[in-house]
Amino acid sequence: MWNPLAAAHKPWPLEVALRREARRKGVFLHLPAHGRGRAWLGSGVQQQLPWQLDLPELPELGGPLLREGAVAASQQQLAAFFGVSQSWYGVNGASGLLQAALLGAAAPGARVLLPRNHHRSLLHGCLLGNLEPLFYDVPFDQATGLAQPLPAQWLEQILEKAGSVALLVLVSPTYQGLAAELDSLVAIAHGVGLPVLVDEAHGAHFNFAASLPRGALAAGADLVVQSIHKTLGSLGQTALLHLQGERLQSQQLERALLWFQSSSPSALLLLSTEQAVARYSAVAGERHLQRCLNEALSLRAALIEKGIPLVQNQDPLRFVLHCAQWGLSGSAADDYLMQRGVVAECPEALTLTFCLGLAPIAPLRRRLCRELELLKYCQQKVPSLPPLDPPPFPRLAGLQVPLAEAWRLPSITLPLAEAAGRIAAESICPYPPGIALLLPGEQLDPARIQWLQQQQLLWGGQIADTVEVLA
């Protein structure tokens, strides 16, 4: 039998890095939700050698876009469980499914409504599908620097101003666990005949616990994309796309999926997605999820009692440290904690997000409390960071230059301070979470430059002093 680990005279770099990382000790509060495999301990799944399960699309197995085989049957069972018309596995992350959903829901040249806090994959989808994006602003909390859930009245004003559009895209919950009241938002859109796509990448678990906000499927969204590895502990790159209702056609979605999904999907990834949903649809899995939620709420209460400033949100499994209260940007707090073996997930301008996932919380509770208390002690005489200026985004706006032109036309590099009046040729998009502060085709007016310079001071070198603009 071929042994891939012995197939070369010297180890491959990725193998070396993964082996080294697997031996690392620390407190890991980052995605995927399986907590480096600890969430699966005792389930028996880890006893299977991955190589034995890494199979091609054999007739008995099939694939996500084939009518016969185990994968097709699994997708039918998924759709029945979620109560939707169809469900599809994705192995190119939520990104690939969001792009397929856009192309399957809107014809070339159509206008689609995207929130300013959209993931950049949606912008890429607009380019590939020749769609015209209209960007609507969302509420912004200056104290935390975080985009807030969209209120119903706000959406009504946007739709009234937008005119004819083919699709509304909503994001809920956000990376930081802030959830919108989707029932009212979806009802408003449907009231004017507009289908809704919800980027629910960070909220698949909402469907499995009554104590969590109602998910997008329960709210009646036409299309819902869920990143299963972020929330239910499947392997990285795994996601689901759901279709319900009669506003959109499954045939168009399947044609679009052909463009954005591998023709050789990993059986391991598909299996991990199926098993993650299967686990939490069972009584034992529901109980496990509720235990995780209860432990998270208990830990949150303990941290707040110790004076650790956490942002209020709707997902107990996402802790958002308001490190600005300690005079620290999210990047600075992340650097400090990383050096002490505490690995977070999402450093931003004024906050740092921890993803507890579904692994046991008790073993890391004491150490996390200690490290955060030590950070608090180190910063006790440092003044708080001031609130951020709100982003100078119009309530609703398109691009000054069409996306396809801005992306392809010749560009030059200018210092950010000297770019007033120019048209951006590339995004400014600090990671994470892939949300752009500037889009190709947007004009850099003085207000936007000043705001970007303020952001630049807090993103730990992730925003350059220069910007690409059209020549």
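1. Which residues lie nearest the centre of the largest cavity, and how many residues line that cavity? In this predicted model, the lining comprises 15 residues, and Asn117, Val138, Pro149, Leu150 and Val171 are those nearest the centre. Two elements, β7 and α7, each give two or more residues to this lining.

2. The volume of the largest cavity is about 100 Å³. Its lining divides by class into eleven nonpolar residues, four polar residues and no charged residues. In total, the structure contains three cavities of 30 Å³ or more.

3. The second largest cavity has a volume of about 50 Å³. The residues lining the second largest cavity are His205, Lys230, Thr231, Asp315, Leu317, Arg318, Gly357 and Leu358. Classified as above, they comprise two nonpolar, three polar and three charged residues.

4. Helix α7 covers residues 182-191, and its buried residues are Leu182, Leu185, Val186, Ile188, Ala189 and His190. Just after α7, glycine 193 adopts a positive phi of about 75°.

5. Histidine 322 is located in the loop that runs between β11 (318-321) and α12 (330-339). Is histidine 322 buried or exposed? Histidine 322 counts as buried because its relative accessibility is 10%, below the 20% cut-off. With neighbours within four places in sequence left aside, histidine 322 is in contact with Ala143, Thr144, Pro309, Val311, Leu350 and Thr351.

6. How many disulfides does the structure hold? The number is zero. For cysteine 323, the closest cysteine sulfur is that of cysteine 346, at 11 Å, and therefore too far for a bond; the cut-off for a disulfide is 2.5 Å. Cysteine 378 likewise takes part in no disulfide, the nearest cysteine sulfur being that of cysteine 323, 14 Å away.

7. Cysteine 378, at 41% relative accessibility, counts as partly exposed.

Key. Residues numbered from 1 in each chain as written. Predicted model: local features only at pLDDT ≥ 70, side-chain atom pairs only at ≥ 80, totals over all residues. Heavy atoms only, no water. Buried < 20%, exposed > 50% of the residue type's maximum accessible area, 1.4 Å probe, protein only. Helix = DSSP H or I, 4+ residues; strand = E, 2+ residues; numbered from the N terminus. Contact = heavy atoms within 4.5 Å. 1 Å grid on protein atoms, 1.4 Å probe; cavity = no way out; pocket = protein on both sides within 12 Å on 5 of 7 lines; lining within 4 Å. Points joined across faces, edges and corners; volume = space filled by probe spheres on them. Nonpolar A, V, L, I, M, F, W, Y, C, P; charged D, E, K, R; others polar.
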